[in-house]
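Student: I would be grateful for a close look at a single part of this structure. Please treat that part in one connected account.

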Amino acid sequence: MKKIAISLPEPVLLTVDQLAARRGESRSHLIATILSRVARAKRDRDVTTQINALFADETLGAEQKHTADEFLRMSPWPKEKW
């Protein structure tokens, strides 16, 4: 664990303290949880953007469909209708 110092406006600090108290956790833990979730959301959004860009490429989409069709043709599992 690494300690840092941050400055927060009084109203924000008051809100953080109230929320931490309601959740029964420390201010530090609450802030760390929030920052972790924000960083994860940003990373997830970036990954989604990259995946969407890849699949927007029609050539790649056609190649993926061809690969999936080949896999289904070779698959030992019975064909199921959903």
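Which residues of helix H2 are buried?

Tutor: The model is predicted: local features need pLDDT of at least 70, side-chain atom pairs count only at pLDDT 80 or more, and totals for chains, interfaces and linings use all residues. Residues are numbered from 1 along each chain as its sequence is written, and side-chain values use heavy atoms, with hydrogens and water left out.

The buried residues of H2 are Leu30, Ile31 and Thr33; buried means under 20% relative accessible area, exposed over 50%, and partly exposed in between, with a 1.4 Å probe and protein chains only. Helix H1 (10-23) is included in what covers these residues, where contact means heavy atoms within 4.5 Å. Helices are DSSP runs of H or I with at least four residues, numbered from the N terminus.

H2 itself comprises residues 27-56, 30 residues in total, and reaches 43 Å from its first C-alpha to its last, close to the 44 Å expected at 1.5 Å a residue. The expected span is 1.5 Å times one less than the number of residues. Glycine 24, with a positive phi near 70°, follows H1.

The side chains of aspartate 17 and arginine 27 meet at 2.7 Å, N to O; a salt bridge requires a side-chain nitrogen of Lys or Arg within 4 Å of a carboxyl oxygen of Asp or Glu. Because aspartate 17 lies in H1 and arginine 27 in H2, the pair ties together parts that are 10 residues apart in sequence. Both partners are partly exposed: aspartate 17 has a relative accessibility of 26%, and arginine 27 has 40%.

Lysine 42 is partly exposed at 43% relative accessibility, as is aspartate 46 at 34%. Aspartate 44 and arginine 43 also meet through their side chains in a salt bridge, at 3.8 Å, N to O. Here aspartate 44 is partly exposed at 38% and arginine 43 at 49%. In the whole structure, a search finds 6 salt bridges.

Conventions:
Helix = DSSP H or I, 4+ residues; strand = E, 2+ residues; numbered from the N terminus.
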